[in-house]
Amino acid sequence: MKGNQNMENNKMENKRHLPLEGGYNFRDLGGYPTADGRMVKWNTVFRADDLGTLTENDLEYLAGIPLVSIVDFRGAIEMEKAPDLIPVSVKEVYNYSIMPGNMDVTQMQVLSETIPMEKLMEKVYTLLVTDPEIIDQYRKFFALLQNSENTPLLFHCSAGKDRTGMAAALFLLSLGVDEETVIEDYLLSNKYVEAKYAPMVAQYPQYKPAFIVDRNFIEIALNQIKTDHGSVENYLKDILHVDLEKIKKLYSHQ
């Protein structure tokens, strides 16, 4: 029975991972079961890393979904260094920059002189759920989601694992997906960005925590939310202004 379940999980994972030639961490957030016996809708909300290396075939694939909105969580410098390639179906790109962003090696070297990289990543995850400016960007992200005219929607950053990982976790939790399943979705980024960052990890192993995701990182963020607000549900409703009933109707079904 366990073997059959693993096969089914792998089948669903393969279905979620978009078959793109120039993208690594592009995933459909559909197919996850919710606490009230429903399922997250397929082909509606997607998470990704940067779009700057997409091929013509990739752009045609995404236009065929068809993507309507893109949310870019990257900072201005990141956007300038690696401009997104946009499918023709997209009507609007929303730049909801979240800082700190993708660090280069020079920044890592400077920062690691005062704090170990793992501790720095833990601090980043605390900021993702406590910093007022970051909260405002996630609030705007959820405001978009609460209007069905903005979907299908794709949101991304540079690696699609930290800023995007937190957004994906909050989205799935708003639909009633259980926390362990949400963490498993978050951890899948390690599988999909491994090839992207393997050369950097090989050259700078001391900075590996910046190139991966870790259960500890996401748990620190979720525990901070619970400490500050009592529950993730309270945080979604009171801080991010999410209408939970509305979002469940929009993004889950029997």
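This is a predicted model: local features need pLDDT of at least 70, side-chain atom pairs count only at pLDDT 80 or more; totals for chains, interfaces and linings use all residues.
Which residues of strand β6 are buried on one side, and which on the other?

**Entry 1: strand β6**

I looked up β6, residues 153-156, and found both of its faces covered, with Leu153 and Phe155 buried on one side and Leu154 and His156 buried on the other. I set beside this the general rule that side chains in a regular strand alternate between the two faces of the sheet.

I then asked which strands pair with β6. Strand β3, residues 45-48, pairs with β6 in the parallel sense over four bridges, and within this pairing I noted that Arg47 has Phe155 as its bridge partner. Strand β4, residues 69-72, also runs parallel to β6 and is joined to it by four bridges; here Ser69 stands opposite Leu153.

**Entry 2: helix α10 and helix α8**

I turned next to helix α10, residues 215-229, and to helix α8, residues 179-187, whose axes come within 10 Å of each other and cross at roughly 140 degrees. Because an angle over 145 degrees would be needed to count as roughly antiparallel, I recorded α8 as oblique to α10. The crossing of α8 past α10 is right-handed.

For the contact itself, I wrote down Glu179, Glu180, Ile183, Tyr186 and Leu187 on the α8 side, which meet Arg215, Phe217, Ile218, Glu219, Leu222 and Lys226 on the α10 side. Sorted by class, the residues of this contact are six nonpolar, no polar and five charged.

**Entry 3: helix α10 and helix α7**

Helix α7, residues 163-174, also packs on α10, at an angle of about 55 degrees and with the axes 11 Å apart. That angle makes α7 oblique to α10, and α7 passes α10 in a right-handed crossing.

Which residues of α7 and α10 meet? I found Met166, Ala169, Leu170 and Leu173 in α7 meeting Ile218, Ala221, Leu222 and Ile225 in α10. The class count for this contact is eight nonpolar, no polar and no charged residues. Reading back, I saw that Ile218 and Leu222 of α10 are listed in the contact with α8 and also in the contact with α7.

Is Glu13 buried or exposed? Glu13 lies in helix α1, residues 2-16, and with a relative accessible area of 12% it counts as buried, because the cut-off for buried is under 20%. Setting aside residues up to four places away in sequence, Glu13 touches Leu188, Lys191 and Tyr192. I also checked Glu13 against Ile183, which is 170 residues from it along the chain, and found their C-alpha atoms separated by 14 Å.

Ile134 sits in helix α6 and is buried, with a relative accessible area of 3%. Leaving aside its neighbours within four places in sequence, Ile134 is in contact with Ile98, Met99, Leu127 and Leu128. The C-alpha atoms of Ile134 and Ala210, 76 residues apart along the chain, are separated by 19 Å.

**Entry 4: backbone details in the loops**

Where is Pro66 placed? Pro66 is in the loop between α2 and β4, and the bond joining Ile65 to Pro66 is a cis peptide bond with omega of about -5 degrees. Pro152 is placed in the loop between α6 and β6, and the peptide bond from Thr151 to Pro152 is cis as well, with omega near 5 degrees.

I then noted Asn43, which is not a glycine but has a positive phi of about 65 degrees. Asn43 is in the loop between β2 and β3, and at 38% relative accessibility it counts as partly exposed. His241, also not a glycine, has a positive phi of about 60 degrees and lies in the loop between α11 and α12.

Notes: Residues are numbered from 1 along each chain as its sequence is written. Side-chain values use heavy atoms; hydrogens and water are left out. Axes are lines fitted to C-alpha atoms, for helices over the stretch in contact, and angles run from 0 to 180 degrees between N-to-C directions. Helices (H or I, at least four residues) and strands (E, at least two) are DSSP runs, numbered from the N terminus. Angles under 35 degrees count as roughly parallel, over 145 as roughly antiparallel, 65 to 115 as roughly perpendicular and the rest as oblique. A crossing is left-handed if the near helix is turned anticlockwise from the far one by less than a right angle, and right-handed if clockwise. Contact means heavy atoms within 4.5 Å. Ala, Val, Leu, Ile, Met, Phe, Trp, Tyr, Cys and Pro count as nonpolar, Asp, Glu, Lys and Arg as charged, and the others, Gly among them, as polar. Buried means under 20% relative accessible area, exposed over 50%, partly exposed in between (1.4 Å probe, protein chains only). Two strands pair if DSSP finds at least two bridges between them.
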